[in-house]
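Please keep the sequence and the 3D view at hand while reading.

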Amino acid sequence: MKRFPTGLYGRQRLQFFPAPFRAPLRSFAGLVFPWDGDRVLVADIRGRGWCIPSGRVEADESSCEAVRREALEEAGAVLKDLQYIGCYHISERTEVRWADCFVARIDELVEIGMKEESNGRRLATLQELPEIYHLWNELTQMVFEHSHEILERQACLSKRCEAGVRPDC
């Protein structure tokens, strides 16, 4: 299994645990990596800057429902092929929280739902992200790459299955 480095966000310590690991507690937030080919959708969120759609999980929704909602509100993205890829363990002093992470393909881009939160959206390549992403470090880079690898693997398996060939990728 791939090992991910520890990251920092202010005073918070971030660790990423890839699927099939599941958080032992209900996630307080969800994040989604929405891809369109080799480009990922990021939103310019007020107070944060360019980042993937993310946000708190409301009391009446699952983390999966939360990321679908956040993608629509922050980036105007309708998602397809949503898949859980792991979770962040976020700790600061004695407080511990979990955030579920998903990857998806963009089905459609529509009007951004929460214009008071989002200044806009853009599709960016992995090479462009270090210059624009609000929190770029080794951990962030590895999780972005991990999310894209999962989609690539899915596409490979789908193509081989459609062709009636034994998947080996």
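Asp 36 and Arg 39 are joined through their side chains by a salt bridge with an N to O distance of 3.6 Å, a salt bridge being a side-chain nitrogen of Lys or Arg within 4 Å of a carboxyl oxygen of Asp or Glu. The model is a predicted one, in which local features need pLDDT of at least 70 and side-chain atom pairs count only at pLDDT 80 or more, while totals for chains, interfaces and linings use all residues. Residues are numbered from 1 along each chain as its sequence is written, and side-chain values use heavy atoms, with hydrogens and water left out.

**Accessibility of the first pair**

**Salt bridges of Arg 69**
- The side chain of Arg 69 meets that of Glu 58 in a salt bridge of 4.0 Å, N to O, and this pair links distant parts of the chain, 11 residues apart, with Arg 69 in helix α1 (residues 63–75) and Glu 58 in the loop between β6 (54–56) and α1; helices (H or I, at least four residues) and strands (E, at least two) are DSSP runs, numbered from the N terminus.
- Arg 69 also forms a salt bridge with Glu 73, where the closest N and O atoms are 3.3 Å apart, and these two residues both lie in helix α1, 4 residues apart, about one turn of the helix.
- Glu 73 is buried at 18%, whereas Arg 69 at 22% and Glu 58 at 40% are partly exposed.

**The wider picture**
- A network of salt bridges links Glu 58, Glu 61, Arg 69, Glu 70 and Glu 73, and a search of the whole structure finds 12 salt bridges.

Definitions and conventions. Buried < 20%, exposed > 50% of the residue type's maximum accessible area, 1.4 Å probe, protein only.
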